[in-house]
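Please examine the sequence and the structure shown below.

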Amino acid sequence: MSKIFVDACFGKETPYTPVWMMRQAGRYLPEYMAVREKAGNFLNLCHNPEMACEVTLQPVDILGVDAAILFSDILVIPDEMGMDLSFVKGEGPVFSDPIRTQEDLERLVGGEEAANKLTYVYDTIKLIKERLSEDKALIGFTGAPWTLATYMIEGQGTKTYNICKKMMYSNPELLHAILRKVTDVVKLYMEKQIKSGVDVVQIFDSWASAIEPSKYDEFSWKYMVEIAHYLKAKYPHIPIIMFPKGIASFIERGFVYGDFDVFGVDWGTPMALAKEKLGEKYVLQGNMEPCRLYSKEATTECVEALQEIMGGKRHIFNLGHGILPDVPVENAKHFIDECHRVSKK
Ligand code: CP3
């Protein structure tokens, strides 16, 4: 059975424009909170295929989104490379042992050995595929090497990225060595997700905007191009979505090379500008400002405006970043219904 979501990723005509939301399996859903409670904490939930499968399917059942996204986190990669990850309440992810030197890097497990440790992710994918309705797609994902490296080097989220950027300008060889090791794991990790059954993959470069435009290619884009090239050569039927967040200021420099099918547009980039600069090469995904979900009127206004700009062609509805934990479920449902309503042919 063909999946509307996969067809849309390849720019084919679909009966309506499909929609999903970044972070759609998460804390705004009481059903998610109940499973997380049972698991004890967030990482236990990621490690338990039965529970991770359950929360992956929740937004499909509750909201009627057109694609499920694997429930996991981008940071399970460095965790399985041997770093010590924990999620501290109120502070987000923390690594107690950040990578600051060549010796730190050498301590990390790489390649096939690291990718093989993520078996709970592959098991989760297989379970989801048994239970997900055939007309819906399953999205697998990874963090971009740059975004992963920011957490590995800083040891936590950061506002200034000063430790990574000090490395970028004073020891670029070390930063490249870290990015190389991560890229090699990510290629194999994504390949194993595909072999386990994901229908689409998305690469999150959430901290793209932390790099000055003239350095973006060297420290982030070229590694993602390498990952996409590796996957496309072997799995041309699997669409690849690229989401570099916060790139409006350097959209001109062109993101126009690379084997990506879909470009995820963040909420700070006007969709009309994205269409003009990138719309010929890529199907565009996005890009409602997530806080519009607090108001049904503001949501409808944006969905109608996006439909007007994209005209139901080469478009996938989504938010321009993740849904926040205090959004009412009925407002999220309203967003999904409105996307379907305005785009129905
Ligand atoms: O529904 C989905 O989108 C699938 C699951 C998913 C999660 N994280 C679950 C999660 C995905 C795709 C991610 C990706 C992710 N993780 C990114 C890239 C996307 C983005 O938002 O930019 C990043 C940067 C991370 C790292 C991360 N994980 C942070 C910074 C945090 C804490 C911030 C927060 O929202 O609390 C997490 C934790 C996390 N990952 C949660 C979820 C549902 C919240 C954990 C909880 O308390 O239950």
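This is a predicted model: local features need pLDDT of at least 70, side-chain atom pairs count only at pLDDT 80 or more; totals for chains, interfaces and linings use all residues.

Residues are numbered from 1 along each chain as its sequence is written, and side-chain values use heavy atoms, with hydrogens and water left out.

**The sheet**

- An open sheet is formed by 7 strands in the order S1-S4-S5-S6-S7-S8-S9, with parallel pairing.
- Strand S1 (67-69) and strand S9 (315-316) are at the edges with a single partner strand each, so one side of each has no neighbour in the sheet.
- Helices (H or I, at least four residues) and strands (E, at least two) are DSSP runs numbered from the N terminus, and two strands pair if DSSP finds at least two bridges between them.
- Strands of a sheet pair through backbone hydrogen bonds, either parallel or antiparallel.

**Strand S5**

- Strand S4 (residues 137-143) is joined to S5 by 5 bridges, and the two run parallel; Phe141 has Gln202 in S5 as its bridge partner.
- S5 also pairs with S6 in the parallel sense, over 5 bridges, and Val201 stands opposite Ile240 in S6.
- In S5, 6 of the 6 residues are buried (under 20% relative accessible area, with a 1.4 Å probe and protein chains only), so the strand is largely enclosed by the rest of the structure.
- Val200, Gln202 and Phe204 lie on one side of S5 and Val201, Ile203 and Asp205 on the other, and all are buried.

**Strand S6 and its surroundings**

- Strand S6 (residues 240-244) runs parallel to strand S7 (residues 262-264), with 2 bridges between them; Met242 stands opposite Phe263 in S7.
- S6 is mostly covered, with 5 of its 5 residues buried.
- Ile240, Met242 and Pro244 point one way from S6, whereas Ile241 and Phe243 point the other way.
- In a regular strand the side chains alternate between the two faces of the sheet.

**Glu154**

- Glu154 belongs to helix H9 (residues 145-154).
- Glu154 is buried but has no salt bridge, a term for a side-chain nitrogen of Lys or Arg within 4 Å of a carboxyl oxygen of Asp or Glu.
- The nearest side chain of opposite charge to Glu154 is that of Arg100, 5.9 Å away.
- A polar atom of the Glu154 side chain lies 3.0 Å from the backbone nitrogen of Ile163.

Note on methods
Buried means under 20% relative accessible area, exposed over 50%, partly exposed in between (1.4 Å probe, protein chains only). Lys and Arg count as positive and Asp and Glu as negative; His and the chain ends are not counted. A polar contact is a pair of N or O atoms within 3.5 Å; within protein, one must be able to donate a hydrogen and the other to accept it, and residues adjacent in sequence count only if both atoms are side-chain atoms.
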